[in-house]
Amino acid sequence: MSKGGCKMAKILTLQEAVTTFIKDGSHIAIGGFCTARNPMALTYEIIRQGKKNLHLYVHSHGQAFDLLIGAGSVKRVELAYGGMGRFASTCVRFRKAIQNVDIEWEDYTNYEMTLRFFAGSLGIPFMVTKTSLGSDVLTKEGFRPETRKEYKVVRKKLAVMNSPFSDEGDKVVLVPAINADVAVIHAQYVGEEGTVRIEGLKFTDVEIAKCADKLVVTCERIVPEPYLRQNPDINCLPFFLVDAIVEVPYGAHPTSCFNSYDYDAQHLNMYRRMAEDDGNFNQYLSEWVYGVSSHNEYVARVGIERLLEIKANPAFGFRPGLKRG
Amino acid sequence: MAIMAGRMVKNGDVIFCGTGLSLIAATVAKKIYAPESIIFFETGGIDTPLPELPLSVADLRVMYGTSINAGLLESFSILGHKKIHTKAFLGGAQIDRFGNLNSTCIGDYWHPSVRLSGSGGGCDAACLAAEVIIFMQHERRRFVEKVDYLTSPGWLSGPEARRKAGMYRGGPSAVVTNLGVMRFDEKTKEIYLSEHHPGVTPQQIQESTGFEIDISRAVESKPVTEEELRLLREEVDPQKLII
């Protein structure tokens, strides 16, 4: 179906979304931030389908990012931060992968990655900033020169120049645009046509969504478009930018989803402990990724007790008093 | 240490809160010392009342009751805003005498013995905030002659270095540790010991520091009171998640 010449977003299953939009070697921009609103259901499906050699772009991540790296799906990552707050000061499988040099990586700052996504969403080659001056982020490169010749890898990490608008010399840093193949984000609600509503902090999800050729949005609930159009001030992406919609309630678990559910602190702590050891980590994958054939099976495995425990209180958007130790 | 850090915040301060110990310092400040301070996070939660201790800068608890809920673009605009004296609370794995921080790796960058989380917003805050307050555990292996990777610029190599590198403002003003409080010399921009906590001697602090530090100006800091401890244990972090 098309509207105004644009192809309409398709409502797909998780399986269809991954088969259609994620290929081996895909450059993927992932939304969410560390403990919040990671597209986990989609991530599990990407791993189940055995996608390999992925090139990831994130600012600060995250459960999805750590799992993809740990499962061996990732060839390269461009990031600002790999951590899970108090649940893991450094993401465990990410840490191990770099110490073993199992993957390639390039370090930027949060602001730089945000501006890179922004540049990609605007269709311009770079954005400009004053951050990272004087730091090793500016001067040390993670990627080898050969890597920079590969498909879609930006030719240069950063550039420094004097602002052309200043006589005295005003140093600025240029950060290259990200133009991913596909962006994946998890939102609370998406309309039947594809209009997206994110509640709570959006992080850089809107810019991430727009920096890629294709956009897959998973959500808590698909709702009728007119419902979202009653209050367009709080919608953040127009329907015609979305290529696929997948309805997966609890699709961010064990990360949080504002107004829907808190992070599953117990699960995140369990993950951190298991991820420390290769054997235990493989057991985690068996139980929670390979051992479930659908999202519904995953949610059933999490269990109604946990889901009730983390269910958000609408007055707060999170679960006050949640046991988090 | 959370108490010492919290004491540094005054009503009206605009605080960029990083991760780790910063989270508890900000919650302590908001609940005990400076309820009128403005706490914001790089994730986009601006002026959060912090009803419960957040465990990450993306915790749902930083999205509740804010002035605005935005995203990273807005937060970094506020962080570096010309009309606001933002104070950033930062941590790190290593620090040198000029307050340069490392939160990226221990050892060789391309084959580290320990990979850490990376900059996140740390480098951004170090470059763009008006002032930086650093929290660290005070250990020899952390207070080093030269950091293995310079993630977040302090005074770089001395006075004028930041300006020469191209930064408009900023730089660390204090380092708060479990042993004492350090500040930076006006002229040389090098760290010196300003306060030692009760029960800790300046000599002990020198022994826990991997470079020579001027301890001649140190005085004893005000002890933590019973009331402060009670508030910390009962109101700020009753589940003992960070303390």
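Helices (H or I, at least four residues) and strands (E, at least two) are DSSP runs, numbered from the N terminus. Axes are lines fitted to C-alpha atoms, for helices over the stretch in contact, and angles run from 0 to 180 degrees between N-to-C directions. Two residues are in contact if their C-beta atoms, placed from the backbone, lie within 7 Å. The model is predicted: local features need pLDDT of at least 70, side-chain atom pairs count only at pLDDT 80 or more, and totals for chains, interfaces and linings use all residues. Residues are numbered from 1 along each chain as its sequence is written, while chains are lettered from A and ligands numbered from 1 in the order in which they are written.

Two strands pair if DSSP finds at least two bridges between them. One of the pairings links A:Phe126 with its bridge partner A:Pro176 in S12(A).

H5(A) also takes part in the meeting of the two chains. In total, 51 residues of chain A are in contact with 50 residues of chain B. On the chain A side, the elements that give two or more residues are strand S8 (81–82), helix H4 (92–99), helix H5 (110–122) and helix H6 (136–139). H5(A) gives the most, with 4 residues. By class, this side of chain A has 20 nonpolar, 21 polar and 10 charged residues. Here Ala, Val, Leu, Ile, Met, Phe, Trp, Tyr, Cys and Pro count as nonpolar, Asp, Glu, Lys and Arg as charged, and the others, Gly among them, as polar.

Elsewhere in chain A, strand S4 (residues 27–30) and S5(A) pair in the parallel sense over 3 bridges. The bridge partner of A:Ala29 in S5(A) is A:Tyr57. Strand S5 (residues 54–57) of chain A is covered on both faces: A:Leu54 and A:Leu56 are buried on one side, and A:His55 and A:Tyr57 are buried on the other. A residue is buried if 20 or more other C-beta atoms lie within 10 Å of its own, exposed if 12 or fewer, and partly exposed in between, with C-beta atoms placed from the backbone.

Next comes the loop between S12 and strand S13 (182–191) of chain A, where A:Asp181 is found. A:Asp181 is partly exposed, with 19 other C-beta atoms within 10 Å. Leaving aside neighbours within four places in sequence, A:Asp181 is in contact with A:Ser26, A:His27, A:Ile28, A:Ala212, A:Asp213 and A:Lys214. The C-alpha atoms of A:Asp181 and A:Asp213 are separated by 5.1 Å, although the two residues are 32 residues apart along the chain.

The loop between strand S16 (244–247) and H9 of chain A holds A:Pro254. A cis peptide bond joins A:His253 and A:Pro254, with omega of about 10°. A:Tyr250 is found in the loop between S16 and H9 of chain A. A:Tyr250 is not a glycine, yet has a positive phi of about 65°. Most residues other than glycine have a negative phi, and most peptide bonds are trans. A:Tyr250 is buried, with 21 other C-beta atoms within 10 Å.

In helix H9 (residues 265–275) of chain A, the buried residues are A:Ala265, A:Leu268, A:Tyr271 and A:Ala275. Seen down the axis of H9(A), they fall within an arc of 125°, so they line one face of the helix; the arc is that of the directions from the helix axis to the C-beta atoms. Their cover includes helix H3 (63–70), H4 and helix H10 (278–290) of chain A.

In chain B, the axes of helix H2 (residues 21–33) and helix H7 (residues 226–236) come within 11 Å and cross at roughly 110°. That makes H2(B) roughly perpendicular to H7(B); angles under 35 degrees count as roughly parallel, over 145 as roughly antiparallel, 65 to 115 as roughly perpendicular and the rest as oblique. The residues of this contact divide into 6 nonpolar, 1 polar and 3 charged.
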